Amino acid sequence: MWKSVHRIKPFVLPSLLDPLLAHGFHPPSLKKALGIVLDKAGKPSYDSPSSFRVIIILRTLSKILERVVVSRLLAQATICSLIHPLQCGSLPGRSTADAALVLQHNVECFHRLRYKVSTLFLNVKGGFDKVESPLLLSLLRRKGVSPYLVQWVGSFLRDRTCRLTFQGSPRLFAPVSVGVPQGSPISPLLFVIYVSPLHLEILRSLIISYVDDFAVTVASRSYRTNIRVLQKSFSALKRKASPINISFSVPKTELTHWRTARSNEPPCSLPV
């Protein structure tokens with residue numbers, strides 16, 4: 001519908017949205033969301049809230065404005081060093097394939113130098129829900145993002161409400177003050193910016209991330225040394241993540257020891 005309106009009357013949308021950006025204001029009417037509650041398949045019991053999935057439906061006009069902000073914020077990302085070069089996902093030109101190729105390239109380079117290579121795969125627990133609005137806004141200001149964009153992001157994240165829809169639901173809007181909204185065009189970018197400081201500089205190693213998934217790769221002369229380095233790296237990541245309310249999910253953690261086709265030694269089974 002909005003595409004048709006814009007094609008016939010191209011001045012309508014700009015006249016509605018331009019003042020909101022100019023004053024850094026996101027109106028309450030665009031902050032109301034519907035949460036459709038669906039059963040997760042194959043659960044043995046549905047007595048726990050974790051057995052359900054909530055699909056968030058947002059206002060279409062808000063999504064249009066959010067996409068405008070995404071394009072402007074991305075334009076400032078390189079200038080203001082908002083995003084680390086090894087962050088992928090939700091960014092133009094940085095897909096899953098890019099993350100996989102970077103990992104493969106570095107593993108092969110280490111192998112050519114006759115190093116043993118290991119990778120610890122981590123998943124941020126809670127993801128978008130863990131973003132602290134004051135810390136995110138402070139980071140944007142510190143990096144020199146345009147004040148009107150910082151003000152709009154703050155207004156966008158404040159005073160949000162959601163109405164859960166399921167059989168017997170009260171159909172009342174309740175306040176939501178957790179993280180960034182799921183399903184929003186701008187939420188992945190805000191999250192990527194928020195976790196950018198977790199890309200630590202570690203000798204003979206690299207940290208690649210894909211939105212809320214991190215891969216810590218290290219190289220040394222033995223897998224046992226890799227284990228010790230990975231444990232130290234993970235401790236450093238935890239210390240860096242704690243002040244911004246980020247933690248990692250232990251059940252979703254995986255360890256891989258990379259081997260070459262010519263490797264004839266027994267596989268390493270050392271855990272982290």
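**View 1. Strand β5 at the largest pocket.** β5 gives the most to the lining of the largest pocket, contributing four residues. The model shown here and in the other views is predicted. The pocket has a volume of about 790 Å³. Elements that each supply two or more lining residues are β2 (52-57), α5 (133-142), β5 (160-165) and β6 (174-176).

**View 2. Centre and make-up of the largest pocket.** In total, 34 residues line the largest pocket. Nearest its centre lie F128, D129, V178, V180 and Q182. Sorted by class, the lining holds 17 nonpolar, nine polar and eight charged residues.

**View 3. Helix α3 against helix α6.** α3 spans residues 60-80, and α6 spans residues 147-157. Their axes come within 11 Å and cross at roughly 140°. An angle over 145 degrees would count as roughly antiparallel; α3 and α6 are therefore oblique to each other. The crossing of α3 past α6 is left-handed. From α3, the contact takes in S62, L65, E66, V69, R72, L73 and Q76. From α6 come Y148, L149, W152 and F156. The residues of this contact of α3 with α6 are seven nonpolar, two polar and two charged.

**View 4. Helix α2 against helix α3.** α2 covers residues 12-22. It packs on α3 at an angle of about 60°, and the two axes are 11 Å apart. That angle makes α2 oblique to α3. Here the crossing of α2 past α3 is right-handed. The contact of α2 with α3 has nine nonpolar residues, no polar ones and one charged.

**View 5. Helix α5 against helix α6.** The axes of α5 and α6 come within 10 Å and cross at roughly 170°. Angles over 145 degrees count as roughly antiparallel, and α5 and α6 are therefore roughly antiparallel to each other. On the α5 side, the contact is made by S133, L136, L137, L140 and R141. V150, V153, G154 and L157 make it on the α6 side. By class, the contact of α5 with α6 has six nonpolar, two polar and one charged residues. α5 is also among the elements that give two or more residues to the lining of the largest pocket.

Definitions and conventions:
Residues numbered from 1 in each chain as written. Predicted model: local features only at pLDDT ≥ 70, side-chain atom pairs only at ≥ 80, totals over all residues. Heavy atoms only, no water. 1 Å grid on protein atoms, 1.4 Å probe; cavity = no way out; pocket = protein on both sides within 12 Å on 5 of 7 lines; lining within 4 Å. Points joined across faces, edges and corners; volume = space filled by probe spheres on them. Nonpolar A, V, L, I, M, F, W, Y, C, P; charged D, E, K, R; others polar. Axes fitted to C-alpha atoms, helices over the stretch in contact; angles between N-to-C directions. Parallel < 35°, antiparallel > 145°, perpendicular 65-115°, else oblique. Left-handed = near helix turned anticlockwise from the far one by under 90°. Contact = heavy atoms within 4.5 Å.
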